[in-house]
Amino acid sequence: TLLGYDLTDEIGQSISNLQSPKRSTKLQLTLYWRSEAPLPIDYTTFVHLRNGAGEIVAQKDQPPLNGAYPTSLWDPGEIIADEIVIPLPDELSVGEYQLVIGLYNLQTGQRLPVPGNPANEVILLGP
């Protein structure tokens, strides 16, 4: 379960919308997960930054805690803070952006189900 997140720019200023992410060269995202049950699979986190046309303009995929603590080791009830740095491209223009995250099985590409979202992703910010 995603309990919440913190999103900051490269100097640590909190970001509450993504209308103009270009003031930074990277986004720093901390996801707060709670394990609800044992996970037999080591999932990988994906983060996508999409422009107003729905195109991915920046992304980062990595195992939680950069591989240091695989999801198969998480204990039920445990809370995990997963820090992810998303580099932004130089050509990123001012505009409306959406930030989405999720988990997937690296071996199969299958995403962990997100109830109520057929794309199996969680929208953190954006339209």
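1. Basis. In this predicted model, local features need pLDDT of at least 70 and side-chain atom pairs count only at pLDDT 80 or more, while totals for chains, interfaces and linings use all residues. Residues are numbered from 1 along each chain as its sequence is written, and side-chain values use heavy atoms, with hydrogens and water left out.

2. D82, setting. D82 lies in strand 5, residues 79-87 (strands are DSSP runs of E, at least two residues, numbered from the N terminus). D82 is buried (under 20% relative accessible area; exposed is over 50%, partly exposed in between; 1.4 Å probe, protein chains only). D82 has no salt bridge (a side-chain nitrogen of Lys or Arg within 4 Å of a carboxyl oxygen of Asp or Glu). The nearest side chain of opposite charge, K60, is 10 Å away (Lys and Arg count as positive, Asp and Glu as negative; His and the chain ends are not counted).

3. D82, partners. The D82 side chain makes a polar contact with the side chain of T45 at 3.4 Å (N or O atoms within 3.5 Å, one able to donate a hydrogen and the other to accept it; residues adjacent in sequence count only if both atoms are side-chain atoms). The D82 side chain also reaches the backbone nitrogen of L65, at 2.8 Å. Beyond four places in sequence, the residues in contact with D82 include L29, W33, Q62 and P64 (heavy atoms within 4.5 Å).

4. Salt bridges. The count is 3. R34 pairs with E36, with the closest N and O atoms 2.8 Å apart. R34 is partly exposed at 31%, and E36 is partly exposed at 46%.

5. R50 forms a salt bridge with E121, at 2.9 Å between the closest N and O atoms. This pair links distant parts of the chain: R50 is in strand 3, E121 is in the loop between strand 6 and strand 7, and they are 71 residues apart. R50 and E121 are both buried. E121 also meets R111 in a salt bridge, 3.0 Å from N to O. E121 and R111 lie in the loop between strand 6 and strand 7, so the pair ties together parts that are 10 residues apart in sequence. E121 has 8% relative accessibility; R111, at 24%, is partly exposed. Shared partners join R50, R111 and E121 into one network.

Notes:
Helices (H or I, at least four residues) and strands (E, at least two) are DSSP runs, numbered from the N terminus.
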